[in-house]
Amino acid sequence: MKSVRDHLMFLLPLLAILLGVEFFLVFNRVTQNAEEKLRQSYSILVVSEKAMSLKDFQKVDRHIAEAAPIPKKQIAKEIARGMKNTPDREILAALPHFYTLHLDRYLSQDQVEKIRQKLLKVPGIKKVETFGENLRAKYNLFIFLKIILWSFVGLMGLVSLFLVLKQMEVWQLAHRERMQVMEIFGAPMLLRSGVLFRMGIVDAILATAITVGLFIFLRYEYAPRSGIEILMDKQALLFQWRDLEILGGIALVIVITAVLTVAFKSRGPME
């Protein structure tokens, strides 16, 4: 029972840290996906007296990623309906060039305004209109949720780390005498810490497996049958196999750090 309790005292806070990390990875993927959709929905309309290329726009600002010319023929036809005596070709010749610009990522309103002001200073550009004000509320909501999640994960990580440190102190008291005796007989540190490494690695594997298993279940079993639109739509973002490497790596770093700390603190003469 004591062995099980020792494992649980280290396993549970380690599990809490890994769950927090995985929640952070999932939410980060969801917000990146949402920002990409917002970016694609956001556009800037430019009216220019001269033809311009993407390179011309990118010289103005590096965040401009796409520049699509708007066909003037359709605009000319719409104008010609109200000007029956004017030939289409004359209207077409008189029309300026229209471009729709897309940015490389979703920028703040201040950054977009700076781009707008830069474009207006370019000779030949007569008008610049920005769209996407209705997307601003969605973006701000995502930023707010991201801050809340970061705060929650950070707080949970600190509490869990504190519990891990307390368990390290328990390990130190429980194994100090044995490790000091082994040190007197010249045993190397890895041999003296072998029991702790085995316990820690077992707990790291268990914590990683439980976390990965939970999110695999969410992605492949729960999400498709949940009927919850956002879960069904973002199913692929709930877990990715790269997460296994990240979680396993973090768990091993925590275990190695904890065991080495105990080993170093246990050095020295017996009291």
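**Helices, salt bridges and ring pairs**

Trainee: Does R29 count as buried or exposed?
Mentor: R29 has a relative accessible area of 12%. The model is a predicted one, in which local features need pLDDT of at least 70 and side-chain atom pairs count only at pLDDT 80 or more, while totals for chains, interfaces and linings use all residues. Residues are numbered from 1 along each chain as its sequence is written, and side-chain values use heavy atoms, with hydrogens and water left out. Because the class buried covers values under 20%, exposed those over 50% and partly exposed those in between (1.4 Å probe, protein chains only), the 12% of R29 counts as buried.

Trainee: Which residue forms a salt bridge with R29 at 2.8 Å between the closest N and O atoms?
Mentor: A salt bridge is a side-chain nitrogen of Lys or Arg within 4 Å of a carboxyl oxygen of Asp or Glu, and the structure holds 7 of them. At 2.8 Å between the closest N and O atoms, the partner of R29 is D243.

Trainee: How many residues apart in sequence are the parts that D243 and R29 tie together?
Mentor: Helices (H or I, at least four residues) and strands (E, at least two) are DSSP runs, numbered from the N terminus. D243, itself buried with a relative accessible area of 1%, belongs to helix α10 (residues 242–265). R29 belongs to helix α1 (residues 2–41), so the separation in sequence that the pair spans is 214 residues.

Trainee: Where does K118, the salt-bridge partner of D61, lie?
Mentor: The side chains of D61 and K118 meet at 3.0 Å, N to O. D61 sits in the loop between α2 and β2 (64–69), 57 residues away in sequence, so the bridge ties that loop to helix α5 (residues 109–120).

Trainee: Into which accessibility classes do D61 and K118 fall?
Mentor: D61 has a relative accessible area of 8% and is therefore buried. K118, at 40% relative accessibility, counts as partly exposed.

Trainee: Which strand holds K126, the partner of E49?
Mentor: The closest N and O atoms of K126 and E49 are 3.7 Å apart. E49 is in the loop between β1 (44–48) and α2, so the pair ties this loop, across 77 residues of sequence, to strand β4 (residues 125–130).

Trainee: Why is the pair of F57 and Y99 called edge-to-face?
Mentor: The structure holds 4 aromatic pairs. The ring centres of F57 and Y99 are 5.3 Å apart and the planes stand at 70°. Rings of Phe, Tyr and Trp (its six-membered ring) pair if their centres lie within 6.5 Å; planes under 30 degrees apart are stacked, the rest tilted, and those over 60 edge-to-face.

Trainee: How many residues apart are F57 and Y99?
Mentor: F57 is in helix α2 (residues 54–60) and Y99 in strand β3 (residues 97–103). F57 counts as buried at 0% relative accessibility, and so does Y99 at 5%. This pair links distant parts of the chain, the separation being 42 residues.

Trainee: What is the distance between the end C-alpha atoms of residues 195–218?
Mentor: UniProt (unreviewed entry) places the feature "transmembrane region" at several stretches, including residues 195–218; such annotations may be inferred rather than shown by experiment, feature names are shortened, and positions follow the numbering used here. Residues 195–218 are 100% helix and 0% strand, and their end C-alpha atoms are separated by 35 Å.
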